Every structure is written in C-alpha cells, then in structure tokens.
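Biologist: I would like to learn how to read features from a set of coordinates. Please take them in turn, with the general idea before the case.

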Amino acid sequence: MRLSILDYSPIFEGRTATDALRHTVELAQYAESLGYYRYWLAEHHKVSSVATSAPEILATMLLEQTSKIRMGAGGIMLPHYSAYKMAEIFKMLEARHPGRTDIALGHSKSYHIVHEALNEGKTDGPSFDQQLEDLYKYFNDDTTTPHRFKTLVAMPQTTTQPQIAILGSSENSAKRAGRLGAIFVFAPLGQKTQAKKRITTLYRNTFLEHHPNQSPYLIVSTFVLAHQDDAYRQQLENSLHYWLQRVHYLKQPEHYDSPESIQHHQWSEREKEKRAQNEKRVISGNAETVQQRLQALSDYFEADEILVLPQVFGEANRKKTLELIAPLTHS
C-alpha cells in the first residue's frame, strides 16, 4: 500500500513554532526511512496552534533535508494567489528536486479577515477553474493553446513537472479533478457511506471520460492515532478531539493542549455531539487495529493511496504512530 502523510506542524503546549518546524523536519526524515511515499504540508492562516502558514516554504526546507520521499503542499488555497507565481515556485522546486514535487489545490477562503488580507488590492480575479487551467498551461510550457497569456512561460523550464492534486469532499471537486486528469484527494467527512462511494466513482468515471488513455488516481485521507497503551491512547484521543473542536472557534487555542491539561475538562452535550461526528474522521487504536482499519478504508474505496494525518500530541507519539502503521507500506 502507498501510505503518505499530511502534516499540520502542530505547536504543542510548552513548545514554539521553531520547535514545531524542527520536529516536522525530523518527522519527514523518519517517514522517509520508514518507507512512506509522500509528505505534504497543510496551509492554515491565523491558526495559533499550527506552524504551516506557508507550506511552499516548508516544503523547500524538507526537500533539502530528504532524498527520495515526494514532497509538497497539501494544499495551496489557489484563489488567494496568482497561478503564474505558484507555477514559478513549484517549477523551481521541481528543477532542484526532479520527480519529487507535488502541489495539492483547494479553494477555501479561510477566515473573512484572512481572505481580505491575502487578497488586498485585488479586483475580481479569475475563477478557481480558470486558475487550474492556467496552472496546467504553465506547468506544460504551453504556448499554442488559446489563452489570455498565450505566449507566457513560467520559469524555470523543466524536463519533469510537479504532480497536481485536487483536494475535496464533494461531487463538484470529484468532477473537477476528473476533467483535469488530476489526482483526487478525498476526505470522507459527514457524508453517508453510499454518498462517499458515489463521489469517488464519479471521479473515476469523469476522469476516464475525459482522459481514456490515462488512469485515475485516488487518495483517501484520514486522521490517525496509533498507540499500544489503551489508557494513554484514550488520553491522546481526548487531546485530539479537544483540538479538532476548539480550532474552529473564534477564540481558538494558542497551542495544541496536552492530555494532562484537559484531563478534567467537562465535555458539554454539544461537545459530545461534535466529538461523535469527528470520530468518523479519526482511525485510532493499537497497531493491529489501525492497520486493519486503514486497509479496510483502502479496499472499500479502491484507493491508490492513503494519506494519514498524525495530528497527535507529542513528538514521540507522532513518531510512534507512524512507526506502528509503517508495515502497511510494504504490503
């Protein structure tokens, strides 16, 4: 199984952003040694408890500190930026590290104030679909297809191209990825089981309709937590679920709270409801349980790859999670 990682670079209680970034470098190197296929960095703005506000910068650091694992942003919220500038950045990374660069794309607007700040001074720009078409043009050095910047080439020119992936959990995202011939990264969230299957089938059918001589490529993502100590794992789960809820509050946590800090937290009925919803997004257990559930997830969706999010408190616990599920990379 191809097993990959999406890292938020969490800033743990008692740690700093410097600590978080140092640990992300170490974790990427460890993941490479364990046989993981790719390592992506998330993009989050105005979130105090994570250090990944500029994933393209962090990807640059990690590419220089590793030798074979694929590396990229998962993802870049493209409407905030110029497709041309993103093409230049990722072509530079690809020129330096041929065959190792990915760019996964989304279109979340983030917080209202963040959206305003990132788009300050801009008039209405091109649609997300237009930006995606632009990016393909620039990555392919296309100067023949009709385009408003027909003769424009993104530098540097390279013999290989970054891989493009589309992030999503909806039918629209599935169709968009299929039409483009892109990798589709599917996050099964609140949909019913049949709806989830319908979305991934729609992606494959759309892909083959538009690109009959190529093969669709589906990545399914999930939060994951593996630990052999059942009691301690429960504490880690509490910490993860506390963070998953609080990070979306207006008054969000300044850091990722430790299990000790929240051990006396009294969960409200609303929090319990939200936790029950979020538990569908998390695969947790001992090594055998997590491996079995990841394999079942892969089999159900006929996934080409599983993308795990080890958003677990503590540097050692994150490494242990990756270590315990690593045998799947050889299956």
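Predicted model: local features only at pLDDT ≥ 70, side-chain atom pairs only at ≥ 80, totals over all residues.

Modeller: Residues are numbered from 1 along each chain as its sequence is written, and side-chain values use heavy atoms, with hydrogens and water left out.

Biologist: Which residues of helix α6 are buried?

Modeller: An α-helix has 3.6 residues a turn, so residues three or four places apart point the same way. Helices (H or I, at least four residues) and strands (E, at least two) are DSSP runs, numbered from the N terminus. Buried means under 20% relative accessible area, exposed over 50%, and partly exposed in between (1.4 Å probe, protein chains only). In α6, residues 171–180, the buried ones are Ser173, Ala174, Arg176, Ala177, Gly178 and Leu180. Their cover includes α5 (128–139), β5 (163–168), β6 (183–186) and α7 (193–210), where contact means heavy atoms within 4.5 Å.

Biologist: What lies on the two faces of strand β8?

Modeller: In a regular strand the side chains alternate between the two faces of the sheet. In β8 (residues 282–285), Val282 and Ser284 are buried on one side, and Ile283 and Gly285 are buried on the other. Two strands pair if DSSP finds at least two bridges between them. Strand β7 (residues 218–226) pairs with β8 in the parallel sense, over four bridges. Leu225 is opposite Ser284 in β8.

Biologist: How many aromatic pairs does a search of the whole structure find?

Modeller: Rings of Phe, Tyr and Trp (its six-membered ring) pair if their centres lie within 6.5 Å; planes under 30 degrees apart count as stacked, over 60 as edge-to-face and the rest as tilted. The search of the whole structure finds 13 aromatic pairs. One of them is the edge-to-face pair of Tyr8 and Phe223, at 6.1 Å centre to centre with 80° between the planes. This pair links distant parts of the chain, 215 residues apart: Tyr8 is in the loop between β1 (3–7) and α1, and Phe223 is in strand β7. Tyr8 counts as buried because its relative accessibility is 12%. The pair of Tyr256 and Phe313 is tilted because the ring centres are 5.9 Å apart and the planes are at 45°. Ring pairs join Tyr8, Phe12, Phe223, Trp243, Tyr256 and Phe313 into a cluster.

Biologist: How much space lies in the largest pocket?

Modeller: Rolling a probe the size of a water molecule over the atoms shows where empty space is left. On a 1 Å grid over the protein atoms alone, a pocket is an open set of points where a 1.4 Å probe fits, with protein on both sides within 12 Å along at least five of seven lines; lining residues have an atom within 4 Å of a point. Grid points are joined across faces, edges and corners, and a volume is the space filled by probe spheres set on the points. The largest pocket holds about 1,100 Å³ of space. It is lined by 35 residues, and the closest to its centre are Tyr8, His44, Met77, Ser108 and Leu167.
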